[in-house]
Amino acid sequence: MSPPPPPLGRSRRRAAQAFDAALDDAELVAARAALAQGRWQAARTLLAHTADDWDLRGHRVTVLAMEPYSAAWSRDWLLAEPESADAAVLLALAQVHRALRGKEKPDRAREACRTAADLVPADPTPWLGMLMLEQGSTAAENAVRLFEQIRARFADHHHAHHLMVARLAEHRAAAGPDPLHEVYDFANWAAEQAPADSPLAILPVIAHAERYRVLAAAGHEPADPAASGHWVGRRARQVMKSAFDWWLEWEHEGHPRRLVDLNFLAHAKVCEGRGAEAAALFHRIGEHPTPAPWSYPDRDPHPAFRAARDHALGTV
């Protein structure tokens with residue numbers, strides 16, 4: 001039996017404090033709201049229109065799958081349309097999110113992803129789900145294998161590259177800072193391999209932030225990122241400058257996850273002490289902050305974002 005729809009409405013305070021994984025995708029927001037009430041037809045239409053835009057598809061499926069009752073409504077969809085690959089992919093990712101919340105066995109989620117992957121061999125999204133399940137695993141070779149499966153289907157997959165950077169950054173945490181750490185090599189390689197207009201050009205900044213997260217958690221960096229020397233060395237400054245210059249020249253309003261990159265870049269500019277550049281990025285971010293990296297290493301991201309934004313905007 002399908003679950004009842006959740007009650008309508010949230011408190012104004014809770015809404016104001018919520019990070020929205022949908023970012024500025026209005027069509028996704030509408031489909032998610034319908035799905036939360038058990039109306040899966042809007043998700044069906046949305047994913048049909050998304051087609052094989054793999055970054056957009058991955059973003060939309062992932063966000064829809066986060067809804068608490070997404071798995072139940074996806075099963076209803078599959079009952080109505082047993083051959084629907086979109087329904088199978090959504091169900092697989094919904095089970096992945098349930099597994100990450102401790103509500104589902106990871107092996108069942110993996111099996112659902114494999115089933116979806118068999119239905120749509122060209123789609124990297126089921127493999128993205130399996131890569132998400134590798135969070136916290138010590139078997140690095142599994143993550144590499146899954147990442148290669150994603151790249152074979154879409155070489156510039158944004159979300160998959162971010163997951164790999166976060167994973168690689170955790171290697172050898174106890175050894176302390178290392179300017180030659182493999183996460184930097186990976187990020188530089190991926191940025192160089194990508195087309196000139198690819199947002200993967202920002203990946204070295206992501207690597208820098210993820211490595212700070214790991215080092216701070218291990219006690220090698222202060223808990224306040226702005227007080228850390230992690231962003232002020234020569235190499236770090238060159239990475240930040242190159243990424244910011246790329247953004248000025250190549251900014252794309254259409255990429256579904258560009259606001260993730262903008263948040264990382266704004267955070268880096270704040271930590272670097274470049275208030276005017278950070279302010280330009282905050283204007284673009286608007287009301288779409290993301291939890292990472294403002295939560296790094298263990299901060300409350302809401303006040304961290306607001307304080308950084310207010311300080312940067314006050315400098316211009």
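Where is the place of Arg-172? This note answers that, then turns to other backbone points in the predicted model.

1. Arg-172 sits in a loop. That loop runs between helix H10 (158-169) and helix H11 (182-193). Its phi is positive, about 55°, although Arg-172 is not a glycine. Most residues other than glycine have a negative phi. Please look at this position in the structure above.

2. How exposed is Arg-172? The relative accessible area of Arg-172 is 43%.

3. Ala-51 is another non-glycine residue with a positive phi, which is near 55°. The loop that holds Ala-51 lies between helix H3 (41-50) and helix H4 (54-65). Relative accessibility is 41% for Ala-51, so this residue counts as partly exposed.

4. Next, the peptide bonds. Most of them are trans. The bond that joins Ala-292 and Pro-293 is cis, with omega about 10°. Pro-293 belongs to a helix, H16, which spans residues 291-294.

5. Which peptide bond joins Tyr-296 and Pro-297, cis or trans? It is cis, and omega is about -5°. Pro-297 is in a loop, with H16 on one side and helix H17 (301-313) on the other.

6. To recap by location: Pro-293 is within helix H16, while Pro-297 is in the loop between H16 and H17. Ala-51 is in the H3 to H4 loop, and Arg-172 is in the H10 to H11 loop.

How values were computed
Residues numbered from 1 in each chain as written. Predicted model: local features only at pLDDT ≥ 70, side-chain atom pairs only at ≥ 80, totals over all residues. Heavy atoms only, no water. Helix = DSSP H or I, 4+ residues; strand = E, 2+ residues; numbered from the N terminus. Buried < 20%, exposed > 50% of the residue type's maximum accessible area, 1.4 Å probe, protein only.
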